[in-house]
Amino acid sequence: MTQQVFDVFVIGGGPGGYITAIRAAQLGLSVACCESNPYADPKGEPRLGGTCLNVGCIPSKALLHTSHLFEEAGHSFASQGINVGTPKIDVAKMMERKNAIVTQLTVGIKGLFKKNKVTLINGHGSFAGQGAKGWRIKVGEEEFETRHVVVATGSRARHLPGIAVDNKLICDNIGALDLDTLPKKLVLIGAGVIGLEMGSVWRRLGSEVTLLEAMPDFLSVADVDIAREAAKVFAKQGLNIQTGVTITKAVAGKKGVEVAYKDQDGKEHQLSADRLIVSVGRVPNTEGLNHEAIGLRINDRGQIEVDAHCRTSLPGVWAVGDVVSGPMLAHKAMEEGVMVAECIAGQAGHCNFDTIPWVMYTNPEIAWVGRTEQKLKADGLAYKVGKIPFLVNGRALGMGETAGVGFVKMLACAETDRVLGVHIIGANASELIAEAVTAMEFGAASEDLARICHAHPTLAEVIHEAALACDQRPLHF
Ligand code: FAD
Ligand code: NAI
């Protein structure tokens, strides 16, 4: 039975969905959001925040922080005259802290829904056809009508055929963020973002970590120089990264996991590990949406087809976040959510897909925005490069011995001087990249950045120097 008519009905309460809902409500629209809640809630209530808050960005960063402190305490405190002995990790306590952060944030989103008068509906949403006022959406036994639907159903881990994920011995991101003991030996299939972040967490805590990557080149999404530097640094840290492999077997047994793979030359290798993490990308969630019934178009990658404003081919049906094309990043999903809400409200919603930053929270952190050097070459664009190491930066050295690692590389158009890409490997790259994003969003030239006063001593001075270096006039290098 049709219950209520909304202006906007959002399916999925992750970053794409909850932000769409909040922004639409701020703009005076009546909004509902349904969430099917696969995440364990002690009270069985819907948990908002999606992959990001529950089993993604937030828990992984909490574990990265704890493991970073652990490594600092064990390896770099002594060089600064701080003697704390050999640190011990309490995995249960670390997980308890991580879970508390997740709960605090998911409860917080619920509070934001209340504040903005967004109706939260517990359950799996699907299309039930068209009604008198727009689209009919079914959640459980109930039906709702809405003028606009925003599909924000996100993604889930891709699994490999023949490798049974039980989230105990063989884990995807869900189990990987909840290991109950420190594995002596850990294998990860896929040396992408999750592989490197989760591999770093457990290596820092003492696991022997091997990453098995199918691609012949390491970190091919990043700028070539960044990938090369990262490979060097991670190898020095003890991450064993094998590229160009083909996995032939991965099975859980009584004692752990047996993994077999072929290397680039076709040679067979066997590995035994306590745990295996499969991190080979993600697939969009469109199951059970009943989208076929309304003719919603899905592309050959399983994503809902949308235009640059996240409109689907059907009037009043929009889609945002991991379920559509583009990088699977929380901030990209949120940007799209704001854009869609503003478009629905009759405003000129906007999302600049050219200035979406990427960050990997390894140590050193890696962050970039815009085009890589290899992309500029492929595009046939003449460019200039300003590259400055953190080693010449006083703040970096003062922060600790590992902070001097890495560099900022700025790429600017040879003709117009406009900044085309900024690539950072180094301490706090996740925060530093914001300046580059701002500059590129406003179409700045490297000369503009070179003329901005940067506080001293700060890591941001390396961005300033890289901008100066684009004009061959760095002051500290
Ligand atoms: P999701 O967050 O997946 O949310 C979709 C929601 O929809 C889910 O809650 C799901 O239960 C619900 N749902 C699905 N189908 C239905 C239905 N039919 N009815 C009702 N509800 C439904 N990104 C970053 O930017 N920075 C990071 O540091 C980062 N770290 C990550 C770490 C890990 C381990 C992982 C796995 C991902 C990480 N990401 C990170 C990616 C980020 O989590 C996603 O890009 C982001 O969550 C996508 O948001 P979304 O709203 O599109 O989808
Ligand atoms: P990914 O795409 O980053 O990396 C997957 C890796 O697995 C690739 O290098 C790929 O070549 C490799 N691979 C694929 N099939 C393989 C196979 N059969 N054998 C061996 N290797 C194989 O995906 P990942 O790490 O699973 O993360 C998923 C997404 O989540 C990311 O793309 C990103 O969008 C998001 N994420 C973002 C983070 C951040 O912003 N800091 C952190 C973690 C995840």
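How many nonpolar, polar and charged residues does the shell around ligand 2 have? By class, there are 14 nonpolar, four polar and five charged residues in that shell. The model is predicted.

**Residues around ligand 2**
- Ligand 2 has 23 residues around it, and those that come nearest are Ile194, Glu213, Gly281, Met328 and Val359.
- At least two residues of the shell come from each of α6 (193-205) and β18 (358-360).
- With three residues, α6 gives the most to the shell around ligand 2.

**Polar atoms at ligand 2**
- Arg158 has a polar side-chain atom 3.0 Å from a nitrogen atom of ligand 2.
- At Val359, a polar backbone atom is 2.7 Å from a nitrogen atom of ligand 2.
- An oxygen atom of ligand 2 has a backbone N or O atom of Met328 at 2.6 Å.
- Ligand 2 on its own has 830 Å² of accessible area, and the protein covers 78% of it.

**Helix α4**
- Residues 91-116 form helix α4, which has 26 residues.
- From its first C-alpha to its last, α4 reaches 38 Å, close to the 38 Å expected at 1.5 Å a residue.
- The buried residues of α4 are Val91, Met94, Met95, Lys98, Val102, Thr106, Ile109, Phe113 and Asn116.
- The cover over these buried residues includes the helices α1 (15-26), α2 (50-55), α3 (57-75) and α6, together with the strands β2 (31-35) and β3 (119-122).
- Lys117 follows α4 and has a positive phi, near 60 degrees.

How values were computed
Residues numbered from 1 in each chain as written. Chains lettered and ligands numbered in written order. Predicted model: local features only at pLDDT ≥ 70, side-chain atom pairs only at ≥ 80, totals over all residues. Heavy atoms only, no water. Near = heavy atom within 4 Å. Polar contact = N/O pair within 3.5 Å; in protein donor to acceptor, adjacent residues only side chain to side chain. Areas by Shrake-Rupley, 256 points an atom, 1.4 Å probe, with all protein chains shown as cover. Helix = DSSP H or I, 4+ residues; strand = E, 2+ residues; numbered from the N terminus. Nonpolar A, V, L, I, M, F, W, Y, C, P; charged D, E, K, R; others polar. Expected span 1.5 Å × (residues − 1). Buried < 20%, exposed > 50% of the residue type's maximum accessible area, 1.4 Å probe, protein only. Contact = heavy atoms within 4.5 Å.
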